[in-house]
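Biologist: Please take a close look at the aromatic rings in this model. I would like one connected account of how they pair and where they sit.

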Amino acid sequence: MKPQPYAQAAQTVLMIRPKFFGFNHQTAGTNIFQNFFDNQTDVSKKAVMEFDRFVALLQKNKIDVIVINDQDFNITPDAVFPNNWFSTHHDGKVILYPLLAANRRLEVRPEIFKILMYKYNYPMPDFKNYTDLENEGLFLEGTGSLVFDHANKIAYANISSRTSRTVIEPVCRLLNYEPVTFYATSSDDDEIYHTNVLLTVAENFAVICAESIITEKSKKTVVDRLASTGHEIILITYNQVEAFAGNMLQVRNKKGELVTIMSQKAYDCLEEQQLKAISKHSKILPVSIPVIERVGGGSVRCMMAEIFLPKTPALKKKPKAEKV
């Protein structure tokens, strides 16, 4: 019997409730979407409010979300974006990724998976840790750098200072995924730091800023690969990328419905025919997170780490509660 393809839309997402959210000076040099605000205390409070509203909206729409609190003892301004330091996989693997900014490396918390095991009945995963590559100046920032097409076992990656081809290759060998790599820039010819800023791969459609891919050959390769795997191509512009229209995530809720989550800013910038194209395949759920987007330089997709790990039967005996 032919094995079933991996599900593209996760049924559970994990989110980190921020404690020290703010402008990260260590990432600003490679993230053109960040904007500095003087009052960091006010920014942090507003980010928590946006986060809590986001979680409540997901729950209202029957989307399973696991919320973990940020650490008390490390200053981690970007902890609200957990998808950059780990990814989970259908076969029980968890990959830990090498991050460019030193203060982002403090976000890596493998102990969170003990919480998932004891509280949520997930297995202890098979870890593959690539974080040592940081010492060699090699980086790959999770599902920011890699946009996975799980059903077709493809990993799309825009090569940048945060996305090293040298790391993509072993990760794809580990997963038995085909790498599709390219170079993309903004309208001002600045590098686009993460692939998921310009590309979303859902179950039956793909949102892509094809004009950002710098060579015609690569552009054709990427678009053709997406089309050949059954995705309706929805093209977005540079201006829409700047409004985070490429930074979406499709999930499946508890009713079995596909839901595509995007920010309100992204939703507002999309044209009617683009929204209609997405709506053919999926319910659209806009979320307002203006402070997180403006200061953090990331949007809703970055805030949600998909949990693809298979569930296990509930444990009879639970250990002492883990600190989160």
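Modeller: Ring pairs join Trp-85, Phe-86, Phe-113 and Phe-127 into a cluster. The model is a predicted one, and it holds 4 aromatic pairs.

Take Phe-86 and Phe-113 to begin with. Their ring centres are 5.3 Å apart and their planes stand at 90°, an edge-to-face pair. Phe-86 belongs to strand β3 (residues 86-88) and Phe-113 to helix α2 (residues 112-120), so this contact ties together parts that are 27 residues apart in sequence. Both Phe-86 and Phe-113 are buried.

Phe-113 also pairs with Phe-127. Here the centres lie 5.5 Å apart with the planes at 80°; since planes over 60 degrees apart count as edge-to-face, this pair is edge-to-face as well. Phe-113 in helix α2 and Phe-127 in strand β5 (residues 126-129) are 14 residues apart, and the pair links distant parts of the chain. Helix α2 thus contributes Phe-113 to a pair with strand β3 and to a pair with strand β5.

The burial of the two partners can be checked against the cut-offs. Phe-113 has a relative accessible area of 1% and is buried, because buried means under 20%. Phe-127 has 32% relative accessibility and counts as partly exposed, because that class runs between the 20% limit for buried and the 50% limit for exposed.

One further ring contact involves a charge: Lys-128 lies over the face of Tyr-130, 5.4 Å from the ring centre.

Note on methods. Residues numbered from 1 in each chain as written. Predicted model: local features only at pLDDT ≥ 70, side-chain atom pairs only at ≥ 80, totals over all residues. Heavy atoms only, no water. Phe/Tyr/Trp six-rings, centres within 6.5 Å; stacked < 30°, edge-to-face > 60°. Helix = DSSP H or I, 4+ residues; strand = E, 2+ residues; numbered from the N terminus. Buried < 20%, exposed > 50% of the residue type's maximum accessible area, 1.4 Å probe, protein only. Lys NZ or Arg CZ within 6 Å of the ring centre and 35° of its normal.
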